[in-house]
Amino acid sequence: MDRMMTLWNSVPDFVHSLVFILAVTIVLIISVALLTLWERKLIGWMQLRKGPNRVTIFGLLPGVGQPFADVIKLLIKEVIIPAKSNKVLFRIAPAIALIPAFATWAVMPIAPDFAIAKIDAGLLYVLSLTSVGVYGVIIAGWASNSKYAFLGAMRSAAQIVAYEIAMGFALVGVLMVAGSLNLGTIVAKQQGAFLAWNWFWLFPLFVVYFISGVAETNRAPFDVAEGESEIVAGFHVEYSGIAFALFFLAEYANMILVAGLTSVFFMGGWLSPLNGYLADDNALFHIPVLGQLLNNGLHWFLLKTFFFLCVFLWLRATFPRYRYDQIMRLGWKILIPVTLVWIAVEGLMVYFKIGPWSV
(Lines give C-alpha, C1' and ligand atoms only; values in the text may rest on other atoms or scores of the structure.)
Protein backbone atom coordinates (compact mmCIF):
# COMPACT_ATOMS: atom_id res chain seq x y z
CA MET A 1 0.00 0.00 0.00
CA ASP A 2 2.83 2.40 0.86
CA ARG A 3 4.49 1.69 -2.50
CA MET A 4 1.22 2.41 -4.32
CA MET A 5 0.76 5.69 -2.45
CA THR A 6 4.34 6.69 -3.25
CA LEU A 7 3.78 5.88 -6.94
CA TRP A 8 0.48 7.81 -6.93
CA ASN A 9 2.12 10.89 -5.39
CA SER A 10 4.95 10.77 -7.92
CA VAL A 11 2.79 11.00 -11.06
CA PRO A 12 1.93 14.43 -12.53
CA ASP A 13 -1.21 16.29 -11.44
CA PHE A 14 -2.89 15.87 -14.83
CA VAL A 15 -2.77 12.07 -14.34
CA HIS A 16 -4.58 12.50 -11.00
CA SER A 17 -7.23 14.60 -12.73
CA LEU A 18 -7.59 12.09 -15.57
CA VAL A 19 -8.09 9.20 -13.14
CA PHE A 20 -10.68 11.15 -11.15
CA ILE A 21 -12.50 12.17 -14.36
CA LEU A 22 -12.68 8.56 -15.55
CA ALA A 23 -13.85 7.38 -12.13
CA VAL A 24 -16.61 9.99 -11.89
CA THR A 25 -17.73 9.35 -15.49
CA ILE A 26 -17.92 5.58 -15.03
CA VAL A 27 -19.81 5.96 -11.73
CA LEU A 28 -22.26 8.38 -13.38
CA ILE A 29 -22.95 6.05 -16.31
CA ILE A 30 -23.58 3.11 -13.97
CA SER A 31 -25.72 5.35 -11.74
CA VAL A 32 -27.86 6.34 -14.73
CA ALA A 33 -28.46 2.68 -15.55
CA LEU A 34 -29.40 1.86 -11.97
CA LEU A 35 -31.57 5.00 -11.71
CA THR A 36 -33.75 3.79 -14.59
CA LEU A 37 -34.25 0.54 -12.67
CA TRP A 38 -34.95 2.36 -9.40
CA GLU A 39 -37.50 4.58 -11.15
CA ARG A 40 -39.42 1.56 -12.43
CA LYS A 41 -39.25 -0.18 -9.06
CA LEU A 42 -40.18 2.85 -6.94
CA ILE A 43 -43.09 3.93 -9.13
CA GLY A 44 -44.16 0.28 -9.32
CA TRP A 45 -44.33 0.09 -5.51
CA MET A 46 -46.32 3.34 -5.43
CA GLN A 47 -48.78 1.89 -7.97
CA LEU A 48 -48.95 -1.55 -6.30
CA ARG A 49 -47.07 -3.46 -9.00
CA LYS A 50 -43.70 -5.16 -9.09
CA GLY A 51 -41.68 -3.39 -11.78
CA PRO A 52 -38.86 -5.24 -13.61
CA ASN A 53 -38.33 -8.68 -12.04
CA ARG A 54 -37.30 -10.98 -14.88
CA VAL A 55 -33.88 -10.13 -16.34
CA THR A 56 -31.16 -11.41 -14.02
CA ILE A 57 -27.37 -11.15 -13.86
CA PHE A 58 -25.99 -14.70 -14.10
CA GLY A 59 -29.21 -16.01 -12.59
CA LEU A 60 -29.05 -13.67 -9.60
CA LEU A 61 -30.77 -10.42 -8.60
CA PRO A 62 -34.03 -10.61 -10.60
CA GLY A 63 -34.72 -7.37 -12.45
CA VAL A 64 -31.28 -5.83 -11.93
CA GLY A 65 -30.20 -6.88 -15.42
CA GLN A 66 -33.03 -4.93 -17.07
CA PRO A 67 -31.17 -1.60 -17.61
CA PHE A 68 -28.19 -3.44 -19.08
CA ALA A 69 -30.49 -5.40 -21.40
CA ASP A 70 -31.99 -2.07 -22.51
CA VAL A 71 -28.50 -0.74 -23.30
CA ILE A 72 -27.66 -3.78 -25.41
CA LYS A 73 -30.98 -3.48 -27.26
CA LEU A 74 -30.39 0.20 -28.07
CA LEU A 75 -26.79 -0.42 -29.16
CA ILE A 76 -27.76 -3.01 -31.77
CA LYS A 77 -30.70 -1.04 -33.18
CA GLU A 78 -30.19 0.78 -36.47
CA VAL A 79 -29.67 4.56 -36.33
CA ILE A 80 -31.93 6.05 -39.00
CA ILE A 81 -31.13 9.57 -40.22
CA PRO A 82 -34.02 11.34 -42.01
CA ALA A 83 -33.22 12.08 -45.66
CA LYS A 84 -34.09 15.80 -45.46
CA SER A 85 -32.59 16.49 -42.05
CA ASN A 86 -29.49 18.56 -41.34
CA LYS A 87 -27.29 15.51 -40.96
CA VAL A 88 -24.38 17.22 -39.15
CA LEU A 89 -26.51 18.87 -36.50
CA PHE A 90 -28.72 15.79 -36.26
CA ARG A 91 -25.66 13.74 -35.29
CA ILE A 92 -24.07 16.16 -32.82
CA ALA A 93 -27.28 17.20 -30.97
CA PRO A 94 -27.25 14.16 -28.60
CA ALA A 95 -23.62 14.93 -27.66
CA ILE A 96 -24.47 18.59 -26.98
CA ALA A 97 -27.22 17.42 -24.63
CA LEU A 98 -25.04 14.85 -22.85
CA ILE A 99 -21.55 16.35 -22.47
CA PRO A 100 -22.49 19.33 -20.21
CA ALA A 101 -24.32 16.99 -17.82
CA PHE A 102 -21.02 15.16 -17.22
CA ALA A 103 -18.65 18.14 -17.51
CA THR A 104 -20.44 20.03 -14.71
CA TRP A 105 -19.25 17.41 -12.22
CA ALA A 106 -15.71 18.74 -12.63
CA VAL A 107 -16.42 21.45 -10.01
CA MET A 108 -18.76 19.45 -7.77
CA PRO A 109 -17.44 19.25 -4.17
CA ILE A 110 -18.50 15.67 -3.49
CA ALA A 111 -16.38 15.26 -0.33
CA PRO A 112 -14.43 17.46 2.10
CA ASP A 113 -11.60 19.21 0.26
CA PHE A 114 -12.24 17.19 -2.90
CA ALA A 115 -13.30 18.38 -6.33
CA ILE A 116 -11.72 17.58 -9.68
CA ALA A 117 -11.30 21.32 -10.37
CA LYS A 118 -11.41 23.76 -7.43
CA ILE A 119 -12.14 26.89 -9.42
CA ASP A 120 -13.31 30.11 -7.79
CA ALA A 121 -15.92 30.76 -10.49
CA GLY A 122 -17.55 27.36 -10.05
CA LEU A 123 -21.08 28.75 -9.82
CA LEU A 124 -20.69 30.60 -13.14
CA TYR A 125 -19.25 27.42 -14.68
CA VAL A 126 -22.32 25.46 -13.53
CA LEU A 127 -24.76 28.06 -14.86
CA SER A 128 -23.02 28.25 -18.23
CA LEU A 129 -22.88 24.49 -18.78
CA THR A 130 -26.45 23.83 -17.66
CA SER A 131 -27.53 26.52 -20.13
CA VAL A 132 -25.53 24.97 -22.99
CA GLY A 133 -27.02 21.51 -22.49
CA VAL A 134 -30.50 22.57 -23.51
CA TYR A 135 -29.25 23.56 -26.96
CA GLY A 136 -28.98 19.85 -27.71
CA VAL A 137 -32.77 19.59 -27.37
CA ILE A 138 -33.40 22.66 -29.52
CA ILE A 139 -30.91 21.65 -32.23
CA ALA A 140 -32.30 18.09 -32.33
CA GLY A 141 -35.81 19.39 -32.93
CA TRP A 142 -34.74 21.80 -35.65
CA ALA A 143 -32.28 19.48 -37.43
CA SER A 144 -34.83 16.65 -37.70
CA ASN A 145 -36.89 18.66 -40.23
CA SER A 146 -40.05 17.32 -38.61
CA LYS A 147 -42.94 19.47 -37.43
CA TYR A 148 -43.49 17.30 -34.36
CA ALA A 149 -39.83 17.52 -33.36
CA PHE A 150 -39.68 21.25 -34.10
CA LEU A 151 -42.76 21.94 -31.97
CA GLY A 152 -41.21 20.02 -29.08
CA ALA A 153 -37.98 22.03 -29.45
CA MET A 154 -39.84 25.35 -29.43
CA ARG A 155 -41.77 24.34 -26.35
CA SER A 156 -38.51 23.38 -24.68
CA ALA A 157 -36.87 26.70 -25.62
CA ALA A 158 -39.69 28.78 -24.13
CA GLN A 159 -39.83 26.63 -21.00
CA ILE A 160 -36.09 26.75 -20.47
CA VAL A 161 -35.92 30.55 -20.78
CA ALA A 162 -38.57 30.97 -18.08
CA TYR A 163 -37.14 28.49 -15.61
CA GLU A 164 -33.48 29.36 -16.28
CA ILE A 165 -34.21 32.91 -15.09
CA ALA A 166 -35.93 31.63 -11.94
CA MET A 167 -33.05 29.23 -11.27
CA GLY A 168 -30.48 32.00 -11.72
CA PHE A 169 -32.29 34.32 -9.31
CA ALA A 170 -32.52 31.50 -6.75
CA LEU A 171 -28.74 31.09 -6.92
CA VAL A 172 -28.29 34.84 -6.35
CA GLY A 173 -29.64 34.21 -2.86
CA VAL A 174 -27.10 31.42 -2.33
CA LEU A 175 -24.35 33.76 -3.49
CA MET A 176 -25.48 36.42 -1.00
CA VAL A 177 -25.10 33.89 1.84
CA ALA A 178 -21.78 32.36 0.78
CA GLY A 179 -20.09 35.48 -0.60
CA SER A 180 -18.23 33.23 -3.05
CA LEU A 181 -18.72 31.55 -6.41
CA ASN A 182 -16.66 28.52 -5.31
CA LEU A 183 -18.92 25.52 -4.71
CA GLY A 184 -16.64 24.18 -1.96
CA THR A 185 -16.89 27.51 -0.12
CA ILE A 186 -20.68 27.48 -0.52
CA VAL A 187 -20.79 24.12 1.28
CA ALA A 188 -18.30 25.22 3.95
CA LYS A 189 -20.37 28.35 4.71
CA GLN A 190 -23.25 26.09 5.74
CA GLN A 191 -21.16 24.55 8.52
CA GLY A 192 -23.32 23.76 11.50
CA ALA A 193 -26.46 21.86 12.41
CA PHE A 194 -29.31 20.92 10.09
CA LEU A 195 -31.03 24.27 10.58
CA ALA A 196 -27.85 26.16 9.65
CA TRP A 197 -28.01 25.00 6.05
CA ASN A 198 -29.24 27.32 3.32
CA TRP A 199 -32.61 25.58 2.92
CA PHE A 200 -33.83 27.10 6.21
CA TRP A 201 -33.13 30.77 5.51
CA LEU A 202 -33.66 30.46 1.75
CA PHE A 203 -36.61 28.07 1.79
CA PRO A 204 -38.62 29.82 -1.00
CA LEU A 205 -35.47 29.91 -3.18
CA PHE A 206 -34.81 26.26 -2.37
CA VAL A 207 -38.30 25.28 -3.58
CA VAL A 208 -38.01 27.47 -6.69
CA TYR A 209 -34.58 26.04 -7.55
CA PHE A 210 -35.72 22.43 -7.30
CA ILE A 211 -38.92 23.03 -9.30
CA SER A 212 -36.87 24.86 -11.94
CA GLY A 213 -34.45 21.92 -12.00
CA VAL A 214 -37.31 19.51 -12.68
CA ALA A 215 -38.48 21.75 -15.53
CA GLU A 216 -34.95 22.13 -16.93
CA THR A 217 -34.58 18.36 -17.19
CA ASN A 218 -37.95 18.06 -19.03
CA ARG A 219 -39.20 15.66 -16.38
CA ALA A 220 -42.85 15.09 -15.50
CA PRO A 221 -44.97 17.09 -14.88
CA PHE A 222 -42.95 19.52 -17.08
CA ASP A 223 -42.32 17.12 -19.97
CA VAL A 224 -44.31 19.02 -22.62
CA ALA A 225 -41.21 19.02 -24.86
CA GLU A 226 -41.91 15.30 -25.41
CA GLY A 227 -45.66 15.18 -24.82
CA GLU A 228 -46.63 11.93 -26.53
CA SER A 229 -50.34 12.73 -26.28
CA GLU A 230 -50.08 15.45 -28.94
CA ILE A 231 -46.58 15.55 -30.49
CA VAL A 232 -45.56 11.86 -30.32
CA ALA A 233 -42.07 11.89 -28.73
CA GLY A 234 -41.39 15.56 -29.37
CA PHE A 235 -37.86 16.71 -30.08
CA HIS A 236 -36.36 13.20 -30.36
CA VAL A 237 -39.14 11.59 -32.38
CA GLU A 238 -36.80 10.97 -35.35
CA TYR A 239 -33.99 9.44 -33.25
CA SER A 240 -33.38 5.74 -32.82
CA GLY A 241 -30.78 3.35 -31.48
CA ILE A 242 -27.75 4.75 -29.71
CA ALA A 243 -28.62 8.33 -30.74
CA PHE A 244 -31.88 8.08 -28.81
CA ALA A 245 -30.03 6.38 -25.95
CA LEU A 246 -27.77 9.43 -25.60
CA PHE A 247 -30.81 11.68 -25.05
CA PHE A 248 -32.11 9.14 -22.56
CA LEU A 249 -28.74 9.11 -20.81
CA ALA A 250 -28.61 12.93 -20.79
CA GLU A 251 -32.02 13.22 -19.12
CA TYR A 252 -31.11 10.90 -16.26
CA ALA A 253 -27.60 12.36 -15.94
CA ASN A 254 -29.19 15.81 -15.62
CA MET A 255 -31.52 14.48 -12.93
CA ILE A 256 -28.52 13.29 -10.91
CA LEU A 257 -26.78 16.63 -11.54
CA VAL A 258 -29.74 18.74 -10.37
CA ALA A 259 -30.16 16.54 -7.28
CA GLY A 260 -26.44 16.91 -6.49
CA LEU A 261 -26.46 20.67 -7.01
CA THR A 262 -29.55 21.05 -4.82
CA SER A 263 -27.77 19.23 -1.99
CA VAL A 264 -24.68 21.42 -2.45
CA PHE A 265 -26.46 24.78 -2.67
CA PHE A 266 -29.17 24.27 -0.05
CA MET A 267 -28.63 21.08 1.99
CA GLY A 268 -25.00 21.31 3.09
CA GLY A 269 -23.48 18.95 0.52
CA TRP A 270 -21.16 16.58 2.34
CA LEU A 271 -21.86 18.13 5.77
CA SER A 272 -23.34 15.89 8.45
CA PRO A 273 -26.79 16.87 9.78
CA LEU A 274 -25.50 16.04 13.27
CA ASN A 275 -22.99 18.89 13.31
CA GLY A 276 -23.72 21.05 16.34
CA TYR A 277 -25.82 18.37 18.04
CA LEU A 278 -22.91 16.14 19.06
CA ALA A 279 -19.82 17.50 20.78
CA ASP A 280 -16.50 16.85 19.03
CA ASP A 281 -15.39 14.61 21.91
CA ASN A 282 -18.60 12.56 21.93
CA ALA A 283 -17.93 8.87 22.53
CA LEU A 284 -19.87 7.92 19.38
CA PHE A 285 -17.13 9.42 17.21
CA HIS A 286 -14.61 6.93 18.67
CA ILE A 287 -16.56 3.88 17.46
CA PRO A 288 -14.63 2.90 14.27
CA VAL A 289 -17.35 2.58 11.61
CA LEU A 290 -20.09 4.63 13.30
CA GLY A 291 -17.70 7.51 13.94
CA GLN A 292 -16.87 7.76 10.24
CA LEU A 293 -20.56 7.67 9.30
CA LEU A 294 -21.44 10.47 11.73
CA ASN A 295 -18.67 12.74 10.48
CA ASN A 296 -18.80 14.87 7.34
CA GLY A 297 -18.11 12.89 4.20
CA LEU A 298 -19.06 11.65 0.75
CA HIS A 299 -21.80 9.40 2.15
CA TRP A 300 -23.89 12.40 3.29
CA PHE A 301 -23.65 13.97 -0.18
CA LEU A 302 -24.77 10.69 -1.78
CA LEU A 303 -27.67 10.24 0.65
CA LYS A 304 -28.97 13.78 0.01
CA THR A 305 -28.61 13.35 -3.75
CA PHE A 306 -30.47 10.04 -3.58
CA PHE A 307 -33.27 11.68 -1.58
CA PHE A 308 -33.80 14.37 -4.20
CA LEU A 309 -33.75 11.75 -6.97
CA CYS A 310 -36.55 9.95 -5.16
CA VAL A 311 -38.48 13.24 -5.09
CA PHE A 312 -38.03 13.48 -8.88
CA LEU A 313 -39.61 10.04 -9.25
CA TRP A 314 -42.30 10.83 -6.67
CA LEU A 315 -43.37 13.86 -8.72
CA ARG A 316 -43.63 11.76 -11.86
CA ALA A 317 -45.82 9.20 -10.10
CA THR A 318 -48.06 11.86 -8.55
CA PHE A 319 -48.75 14.73 -10.96
CA PRO A 320 -50.27 14.63 -14.46
CA ARG A 321 -48.54 16.59 -17.22
CA TYR A 322 -49.29 20.32 -17.00
CA ARG A 323 -50.73 22.22 -19.93
CA TYR A 324 -48.24 24.41 -21.74
CA ASP A 325 -49.93 27.65 -20.62
CA GLN A 326 -49.88 26.45 -17.00
CA ILE A 327 -46.14 25.83 -17.20
CA MET A 328 -45.47 29.28 -18.63
CA ARG A 329 -47.67 30.93 -16.01
CA LEU A 330 -45.89 29.10 -13.20
CA GLY A 331 -42.46 30.13 -14.46
CA TRP A 332 -43.10 33.78 -15.35
CA LYS A 333 -45.85 34.83 -12.93
CA ILE A 334 -45.07 32.82 -9.80
CA LEU A 335 -41.51 31.52 -9.54
CA ILE A 336 -39.65 34.59 -10.83
CA PRO A 337 -41.63 37.04 -8.63
CA VAL A 338 -41.08 34.76 -5.60
CA THR A 339 -37.30 34.83 -6.14
CA LEU A 340 -37.26 38.63 -6.55
CA VAL A 341 -39.29 39.15 -3.37
CA TRP A 342 -37.14 36.80 -1.33
CA ILE A 343 -33.90 38.35 -2.58
CA ALA A 344 -35.26 41.67 -1.28
CA VAL A 345 -36.12 40.01 2.05
CA GLU A 346 -32.65 38.52 2.15
CA GLY A 347 -31.19 41.99 1.55
CA LEU A 348 -33.05 43.22 4.64
CA MET A 349 -31.70 40.26 6.65
CA VAL A 350 -28.18 41.18 5.53
CA TYR A 351 -28.72 44.84 6.52
CA PHE A 352 -30.16 44.02 9.95
CA LYS A 353 -27.72 41.12 10.50
CA ILE A 354 -30.33 38.39 10.89
CA GLY A 355 -29.70 34.66 10.48
CA PRO A 356 -26.44 33.68 8.73
CA TRP A 357 -25.34 37.34 8.72
CA SER A 358 -25.62 37.77 12.51
CA VAL A 359 -21.93 36.95 13.02
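Partly exposed, as used on this tour, means a relative accessible area between the 20% below which a residue is buried and the 50% above which it is exposed. Keep that in mind as you click through this predicted model.

**Stop 1: aromatic pairs**

Begin by showing the rings of Phe, Tyr and Trp; the structure holds 25 aromatic pairs. Select W199 and F203: with ring centres 6.4 Å apart and planes at 75°, this pair is edge-to-face. How exposed is F203? Its relative accessible area is 41%, so F203 is partly exposed. W199, at 16%, falls under the 20% limit and is therefore buried.

Next, select Y209 and F265. Their ring centres lie 5.7 Å apart and their planes meet at 85°, which makes this pair edge-to-face as well. Colour by helix here: Y209 belongs to α9 (residues 203-216) and F265 to α11 (residues 241-266), so the pair ties together parts that are 56 residues apart in sequence. Are Y209 and F265 buried or exposed? Both Y209 and F265 are buried.

**Stop 2: charges over rings**

Select K304 and W197: the charged end of K304 sits over the ring of W197, 3.9 Å from the ring centre. Then move to R219 and Y252, where R219 lies over the face of Y252 at 5.4 Å from the centre of the ring. Hold on to R219, which returns at the largest pocket.

**Stop 3: along α9**

Now select α9 by itself. Does its length fit a helix, or where does it depart from one? At 1.5 Å a residue, its 14 residues should span 20 Å, and the C-alpha atoms at its ends are 20 Å apart, so the two values agree. Among the buried ones are L205, F206, V208 and F210, along with Y209 from the first stop. Towards the end of the list come S212, G213, V214, A215 and E216.

**Stop 4**

Follow the chain into the loop between α9 and α10 (228-231), where you will find N218 and P221. N218 has a positive phi of about 60°, although it is not a glycine. With a relative accessibility of 5%, N218 counts as buried.

For another positive phi, jump to N145, where the angle is near 55° in a residue other than glycine. N145 is in the loop between α5 and α6 (147-178).

**Stop 4: the largest pocket**

The largest has a volume of about 780 Å³. The biggest contribution comes from α11, which gives 10 residues. Colour the lining by residue class and you will see 20 nonpolar, eight polar and 11 charged residues.

**Stop 5: the second largest pocket**

Now select V27, L28, S31, I256 and L302, which lie nearest the centre of the second largest pocket among its 19 lining residues. The space in this pocket is about 530 Å³. Two or more lining residues come from each of α2 and α13 (298-318), and α2 gives the largest share, with nine. How many charged residues does the class colouring show in this lining? There are no charged residues here; the lining divides into 17 nonpolar and two polar.

**Stop 6: the cavity**

Rolling a probe the size of a water molecule over the atoms shows where empty space is left. The count comes to one cavity of 30 Å³ or more, and the largest cavity holds about 30 Å³. To see what surrounds it, select V24, W105, M108, I110, F114, A115 and I116. Its lining has seven nonpolar residues, with no polar and no charged ones.

Technical notes:
Residues are numbered from 1 along each chain as its sequence is written. This is a predicted model: local features need pLDDT of at least 70, side-chain atom pairs count only at pLDDT 80 or more; totals for chains, interfaces and linings use all residues. Side-chain values use heavy atoms; hydrogens and water are left out. On a 1 Å grid over the protein atoms alone, a cavity is a set of points where a 1.4 Å probe fits but cannot get out, and a pocket is an open set with protein on both sides within 12 Å along at least five of seven lines; lining residues have an atom within 4 Å of a point. Grid points are joined across faces, edges and corners, and a volume is the space filled by probe spheres set on the points. Ala, Val, Leu, Ile, Met, Phe, Trp, Tyr, Cys and Pro count as nonpolar, Asp, Glu, Lys and Arg as charged, and the others, Gly among them, as polar. Rings of Phe, Tyr and Trp (its six-membered ring) pair if their centres lie within 6.5 Å; planes under 30 degrees apart count as stacked, over 60 as edge-to-face and the rest as tilted. Buried means under 20% relative accessible area, exposed over 50%, partly exposed in between (1.4 Å probe, protein chains only). Helices (H or I, at least four residues) and strands (E, at least two) are DSSP runs, numbered from the N terminus. A charge sits over a ring if NZ of Lys or CZ of Arg is within 6 Å of the ring centre and within 35 degrees of the ring normal. The expected span of a helix is 1.5 Å times one less than its number of residues.
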